[in-house]
Structures are given as C-alpha cells and as structure tokens.
Amino acid sequence: MNTDPSDLTLEEQASLLSGRDFWSTKAMPEHGVPSVVMTDGPHGVRMQRAGADHLGINHSEPATCFPPAVAIGSSWDPTAAARMGSQIASEARALGVHIVLGPGVNIKRSPLCGRNFEYYSEDPYLSGVLGADYVTALQAAGVGASVKHFAANNQETDRMRVSADVDERTLRELYLPAFERVVTEAAPATVMCSYNKVNGVYASENHWLLTDVLRHDWGFTGAVVSDWGAVSNRVAGVAAGMDLEMPGSGGRTDAEIVDAVQSGELSADAVEQSVARVLALTELVADAEGELEADAGHTLARELAEGSAVLLRNEGGVLPLDRAASVAVIGRFAVEPRFQGGGSSHINPTRVDVPLEAMQQHAERLGQQLAFAPGTGHDDGETLRAEAVELARTSEVAVVFVGLAEADESEGFDREGIDLPAEQVALIRAVAAVAPKTVVVLSHGGVVALDPWHDDVDAVLDGFLLGQAAGSALANLLYGVANPSGHLAETIPQQLTDTPSFLNFPGEQGHVRYGEGVFVGYRYHSSLGVLPRYPFGYGLSYTTFSTDLLEARVVDETTVEASVTVTNSGPVAGAHVVQLYVATEAGPVRRPVRELRRFAKVDLAPGESTTVRFELDRRAFAYWDSVERDWVVAPGDYTVQVGTDADTIVAEQQLTLVGETRLAPLTMDSTIGEWLGHPVVGPVMREGMAAAIPEDQREQMAEQEDQLRMVESMPMQQFLAFVGNLFPPEALESLMALSRQSATDQQPATTTHTATTAASDADVANTTTTA
C-alpha cells in the first residue's frame, strides 16, 4: 500500500470505510487503491459473480466443498485444518478472491444453535488451535482470513439484536480464547464482528471488545469488518474500532462519518486509523491465477473426511464390513447424501460422492451381496419401511443411513430439539429388531440424541457433515480401507435437558443470560456428574492404544513440561488423539473438574510407540480474576491428566504450584476476613488486638477465636460501629498504608513441584509416572 490516508480528503476517507457492493471494497484508481474482493467460506469458496446474497440462496461458482468445521473439529488434527486452508487459498486465487470469510471459532454453547456446523468445538483451546492453523496456512498462500463471529455469537435466534449477557470471567476463559489464539498466533487480515450485542452494546460499536481487548490486550493490527448488515450506528462503530462496513450502504453511512467529524462528534484520527487498516488489505489484491484443481481438491476433501468421522459404537467388531457376506443398505441418505450446512457457507461442489455407489465398489471387490431400500419417503412410509425390514432380515448386516436434512438446521434459525425425525427412529428400531447386525451411519451438523434406539444397534459411525467426498469417505471407513480416528469435539448428552444452557437458551425479551458461566459442555457434565451419552473427546478405532510413562515436571515459574508414551497395541495402523487435561480446585473461583490444555494426534503402525511432549505455559493453569482484571495462577495443587476422553483419565500426575499471591490494598470496605487474612497486615492486626485486651481477658478471648468467623464478612467500616475504639483511626490508616506498600513490594511468584504416582485403568493403559 503506497497511499497515505492523509493524502485523501475526508470524503474519500469515509468512502473507503464501506463496501462498493456486496462482496468488494471501493477502488480509487486515481490514488492507486484497488478493490478487495471477499467471499464466504470457511470450508470452501462461495464466489458469486451475480445474484449476491449472504444466505446461500443464489448461484455460486463451483468449488471444493470441504468438510465443515464440525467435522474438522472432530478430526482433532491441526494439519487437517492447515491443509484445507492451503487448498482453499489456491481455489480462492483461481477465482480472484482476496479474503475468505472464515474460520468460525465460536463456542458451541448449546446443541440447538443452527449454525453449530460452522464451528469447531465446545472447547476454546481445541477451537483456537484448529482456527490458528487454518488461518496461518490460508494466509501463507496469499489469501486473507476473517476470523468470526466476534464475539459471544452462539445462537441464531434474534441474532441481529439479542444481547449476550455474560460476565467477564466467562468471556475471557471460554468465549474469547479461541479468537485470542488466532489473533496472537496467526495474525488474520481481518476479524469479523458479530450481529449481536455483548452486555447491551452491539459488537459493531463495542469499544471494550474491539479496542480494549482486541487491539490493546491482544495486539491486533488488522481490520475489523462487520458481519454483513451488522452495523447499527456507523459513527459509534468507527469510534469503537470497527473499520469496514459490509456490504456497502450506497454512501449513506459514509456521509454520516463526514458529518460526525465536521461536527466534532467523531475524531478525525479515528477515521484515519480505520482507513489505514482498510488500505492495508489492498496488499492482498492480486490478479486471478491458476486453475481450480478439482481433482486435487476432491482427493483432499476425502482424506480430511476419513480422519474426521467418529466411531461411537462397535459391539462385537461388526465393523469393518469386509467380512460380511451380504449387506443391506437402508435409508435415503445413502443415495441423497447430506454433506454441508445451509446459509452463507453453502458451497456449489465440484462433484458429490454417493455413499451407496462407493459401497457398491467395495462390495464388488469383495464379491459381497449388496442391496438397497430407501426405508422412508414422503408417501407410503409404512410400505417403504416394511420393504427395508424384509431386506434387513435376509442380510448379514444392515447399514442404516439417517440424519438431519438441511431444512432442519441452517444459518438464520435455531433447532427446537435434538432428536432424529420420528420416521427415522422408527426405521432404525424396526431394522434392528430383525437384522442379525445393525450399523447406523449419521449425517448432521448439530448434535443429535441417540436414544431411544442406541442400545438396539451394534455400531454407530457419526459422520456429522463430511463435505462433497462424504460418500467415498464413509464407504472407506465402513469397509476398513480407512481406520476411524475422529473424536468428539462436543458432548453428546443423554437428552436436551441435560445441557448446561437448557434454561437460558435462547433467552427472552432481547436478552440471553449466560447463567451457566464457564460450565459449558464437558466442563458442566464432568463437574456436576451429569453423565452424557458420549463424552467430549470420545472416539473408537479398529485398533487399540495404550498409554505409558506420563511424566510432568516444572521447568520454571511459568512452564511445565509433560511427556507421555503411546503405543498402537492392536492389529492395524491407526491414529490416536492424546488429550492432556489440567485439574485443580486452587483459587477463589469455582473451576471445572478438568479442562483441556493440550492435545496431539499421532499416527502409529501396529506395535509402534511414540513419546509425545507438551509444554504447558502459565495460561494452562490460570483463571481470569475479575477483581485483578488479569490472569492469575493460584497457589495450590494441580493435576496433569491424560484422558481417552474428558471422563476417562488413564494417567495423572500432581504438581504443587506456589502460584501468584496478589496482595490487594486494604480499604475501609475490605472485610474483617480480608484484613485478618492479609499475610502482612493480618499478623500485625492480631497482635494489636491482643495487646488492646486486658491481660485477665486474653485467655477468654483466645477461647472465643471461632466467634470471629461470625464477623469475617463484615466490612471494617460497619465493624467499627460495634467495637468502638478497638481500632483507632490512625492505626487503621497505618495498616492500610502497610497493605499498599506490601502490594507495591510484591515479588514475582516462584513455582515448586511435587509429584504423585498415578493410578490407571489397567484395561486401558499400563501407566507409570516418575517425578
């Protein structure tokens, strides 16, 4: 960018802060400023040359439809996110696109959110790692990213105006960290602010969110772009740090900016800063180059899909199907595959693999009998189900394809429940009642309940949404050509009422209260003992893995190193996800039983072992202190845990951290408990109290020490009304000055370490820990 904002008139500056049309920024050839072209993502390029929209209604150019984020999240594979980002960049360049609107890293607060298929996980660490690797790869290939939707955009109901009312600790620990990681590690070209309000202020004009947090705390230097149509007050948006309004307003809001500067309502410096950030985006502008490599894209889409599906159940080793003599394929999803979500990310795929056709190729290779029945239909459902049941009765294995239609979940509206359609449940149960073995294959964007049919079937392969190559990927997984390695990136509850946000979703009268706080997903289920149907992190394989030799040690005051050895103890090659959690009760806030802090996906041949090493930084042990307005590592015990999922811990080791003791200055509003508990002032205060009591009453006072607990919560100001001159004003002033000096003199915390030997489930792992 060679253009300096100061070289432009105020009117020219303002015009650059809104779009030229639906998908591009304004060009100023006379100043050497080109137009920047954006388009929807994040799992493919939705380039529209005509009939622009943000709901996926009108035509878009063909491009590879990769597995959406719901699938990539289940892959637990940062390299998968990166490979997809790189290929999407290649296709974007071929289509002349400069910025792809993605990834979406919002947290899955409720399974009812209609847009959950666009988001990775219920966990901020998993979401942040995948999002950062996607952005890094996309931008390394010359295309900008737009991480979205910032922030607390966790529902579609009333999304254009609802206020997400959420406390700062919950924001900092759950809803902001994925954005923070993407911003600080991957430096996205843009951040897209969301439609909703955050604590009563629209995200598009929220100075705390866009400037205090995003720019000051995280150091973001890119441009903030509005979600399409998210601007409520353009002048307030510029003042808050929202740079580019999309789509264009036809000049209306440009004039509002000019008028506000001329009247003194808006700073000219704020406008220039926004213009500079928008002009910096023009560095991404380049002519379209290369051709869209459809074959390469499709091959990658299949490989990513194979690594994303989750094998939930496999009783008796019914899968893979390569040993079956005859297979009945049942369900319309086998011939009309569901592989992506609806709305702005809806891709026009270059091709679509059909599951039944892909399965037929495997059956022919094996000399296997394969037959199909739709099982359900708009008309004559009873007859279709009866035909499917008869086919299942005469086959060795029945594979039932079911799921949710695109009309059931999409951008723009939330789901009303998590059950499969009733006719599909009836089909599964009818087939399972007669088939020797029954396999269910699921296709859906948001979590579905597995009851009441789960226990009737032998195997469940959850494909979520796997992109345009879903058909061949599912067939390869069913027949063992590929080994399932996906793990759940979100909890599958027993029922909707078991979910933490049930009573607060989607809110009422313009507000949604995040009353569950940080206890979302597995953090809630594990902490409250609410058993899920399948926990976060769960996933089976056609092989087995053992975990050994967990070792964790403190390196310095902020860093812990951990290592664990994993072995493929089964008969076939496979990939295993090592999940590292941290558990603690340290600190003044209630914390989840455990939280995911690191993970790694490793590929192992039969009998092969590998040692995985992790570095846990200060944030792995910290909580957000709402009083200090900072991250704090509380003194106390911390346990590093390795789990096969969030509920199954196979190895653990305890560490004791000295942590950080924050000495807050005492005031007259501080409680008696805070005064007496202060490590410097408390002993002085107790000594003074003892000296003020007559000698013949001291023994009686010592016996009544427990009575102090009755007044511990009383502020000093109120306490003085009951005790008269026990604490002279000059003595209290001296003690308060001592507390202020103590806070100033506080030295950096140091960390020490102890270790305990971990217990483990012998059926899962043979674990040894060393200190």
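**Sheets, helices and aromatic pairs**

Modeller: In this predicted model, six strands form an open sheet in the order E9-E14-E13-E12-E10-E11, and the pairing is mixed.

Biologist: Which strands stand at the edges of that sheet?

Modeller: Strand E9 (310-314) and strand E11 (369-373) do. Each has a single partner strand, so one side of each is left without a neighbour in the sheet.

Biologist: By how much are neighbouring strands turned against each other there?

Modeller: On average by 15°, with direction ignored.

Biologist: And E10 with E11: parallel or antiparallel?

Modeller: Strand E10 (residues 326-330) and E11 run parallel and are joined by five bridges.

Biologist: How many bridges join E17 to E20?

Modeller: Eight bridges join strand E17 (residues 560-568) to E20, and the two run antiparallel. Within E17, Val 566 stands opposite Thr 610 in E20.

Biologist: Changing topic, how do H13 and H14 cross?

Modeller: The axes of helix H13 (residues 381-393) and helix H14 (residues 422-434) come within 8 Å and cross at roughly 30°. Angles under 35 degrees count as roughly parallel, and H13 and H14 are therefore roughly parallel to each other. Their crossing is right-handed.

Biologist: Which residues make the contact?

Modeller: H13 contributes Arg 385, Ala 388, Val 389, Ala 392 and Arg 393, while H14 contributes Ala 426, Leu 427, Ala 430, Val 431 and Val 434. By class, the contact has eight nonpolar residues, two charged residues and no polar ones.

Biologist: Finally, how many aromatic pairs does the structure hold?

Modeller: The structure holds 13 aromatic pairs. One of them is formed by Trp 76 and Phe 536, whose centres are 5.2 Å apart, with 50° between the planes, and this pair is tilted.

Biologist: Where do Trp 76 and Phe 536 lie?

Modeller: Trp 76 lies in the loop between helix H2 (69-75) and helix H3 (78-94), and Phe 536 in the loop between helix H16 (522-528) and E16. The pair therefore ties together parts that are 460 residues apart in sequence.

Technical notes
Residues are numbered from 1 along each chain as its sequence is written. This is a predicted model: local features need pLDDT of at least 70, side-chain atom pairs count only at pLDDT 80 or more; totals for chains, interfaces and linings use all residues. Side-chain values use heavy atoms; hydrogens and water are left out. Two strands pair if DSSP finds at least two bridges between them. Helices (H or I, at least four residues) and strands (E, at least two) are DSSP runs, numbered from the N terminus. Axes are lines fitted to C-alpha atoms, for helices over the stretch in contact, and angles run from 0 to 180 degrees between N-to-C directions. Angles under 35 degrees count as roughly parallel, over 145 as roughly antiparallel, 65 to 115 as roughly perpendicular and the rest as oblique. A crossing is left-handed if the near helix is turned anticlockwise from the far one by less than a right angle, and right-handed if clockwise. Contact means heavy atoms within 4.5 Å. Ala, Val, Leu, Ile, Met, Phe, Trp, Tyr, Cys and Pro count as nonpolar, Asp, Glu, Lys and Arg as charged, and the others, Gly among them, as polar. Rings of Phe, Tyr and Trp (its six-membered ring) pair if their centres lie within 6.5 Å; planes under 30 degrees apart count as stacked, over 60 as edge-to-face and the rest as tilted.
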